[in-house]
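Please find below a colleague's note on the model shown here.

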Amino acid sequence: MEHEGKGDYSDDWYTPKDIFERLDLWFDLDPCSPGPHTWVPAERLYTKENDGLNSPWHGSVFMNPPYAGRNGHVPWLKKFLDHGHGIAIVRAYTSSAWWHEHAVKAEYMLFPNGKTKFVRPDGTVGCSPGSGVVLLGMGKDMGDAMKASGIGWFVDNRSEQ
C-alpha cells in the first residue's frame, strides 16, 4: 500500500496483522508476498521472483498488490476479480476511473473504520496512508468473514450487479 505525502513510496507496506485476526481466514495463496517472514495466513506465497501476476492462481487469495507507478495495482485487481475467490485490499479512491471500472465489480466491500496503518518491513508501524482503504471480496465465504469481522462498514454488492 502506497503512503502518500509521507516520503515513503516503497511497495513494501504490509497489511496489519489484526485484519487477519479479525477475518479469521486461511488463504490458499498470497500472490503479492514479500516473503515468508510476513503473517499473511496463506498456504502458498508468490514473491517478485515468482511473478505472481503471471503465475497461476488457485483457491482463496489474499492480495495486497504493489502500487508502483500510476495505476500499477490495476492489472492485479483485474486478475483478482477474474479469479473470483478471495480478499484484496486497495485504496478507497472512489472518484478514480479504475474504481468505477474495476473495484465496483467486487461482490463485497469492507471499509475499515478509520485509516489503516500499514507495517514497514522492519516491523514498525507506518503513518496513516493519504487515503482510506477497502477490502474487496469475492466468494460467499469471503463475504461472510468480512461481514463477521466487525472491521468496518460492510457492503454486499451482489444484489446491485
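1. Basis of the model. This is a predicted model, in which local features need pLDDT of at least 70 and side-chain atom pairs count only at pLDDT 80 or more, while totals for chains, interfaces and linings use all residues. Residues are numbered from 1 along each chain as its sequence is written, and side-chain values use heavy atoms, with hydrogens and water left out.

2. Helix α2. Helices (H or I, at least four residues) and strands (E, at least two) are DSSP runs, numbered from the N terminus. In α2, residues 74-83, the buried residues are Val74, Trp76, Leu77, Phe80 and Leu81; buried means under 20% relative accessible area, exposed over 50%, and partly exposed in between (1.4 Å probe, protein chains only). Seen down the axis of α2, these buried residues fall within an arc of 155°, so they line one face of the helix. The arc is that of the directions from the helix axis to the C-beta atoms. The buried residues of α2 pack against β3 (61-63), β4 (86-91), α3 (97-101) and β6 (133-138), where contact means heavy atoms within 4.5 Å. Gly84, which follows α2, has a positive phi near 80°.

3. Helix α4. Met142, Gly143, Ala145, Met146 and Ser149 are buried in α4, residues 140-149. They cover an arc of only 165° around the axis, which puts them on the same side of α4. Lys140, Lys147 and Ala148 are exposed on the other side of α4. The packing partners of the buried residues of α4 are α1 (17-23), β1 (27-30), β4, β5 (108-112), β6 and β7 (152-156). Just after α4, Gly150 has a positive phi of about 70°.

4. Salt bridges. A salt bridge is a side-chain nitrogen of Lys or Arg within 4 Å of a carboxyl oxygen of Asp or Glu; by this rule there are two. One joins Asp144 and Lys140, with the closest N and O atoms 2.9 Å apart. Asp144 and Lys140 are four residues apart in helix α4, and therefore separated by about one helical turn. The side chains of Arg158 and Asp156 form a salt bridge at 2.7 Å, N to O. Arg158 is partly exposed at 42% relative accessibility, and Asp156 is partly exposed at 30%.

5. Residue Met138. Met138 is located in strand β6 and counts as buried because its relative accessibility is 8%.

6. Loop residues with positive phi. Most residues other than glycine have a negative phi. Asp24, in the loop between α1 and β1, has a positive phi of about 55° and is exposed, with a relative accessible area of 68%. Asp51, in the loop between β2 (42-45) and β3, has a positive phi near 55° and is partly exposed at 33%.
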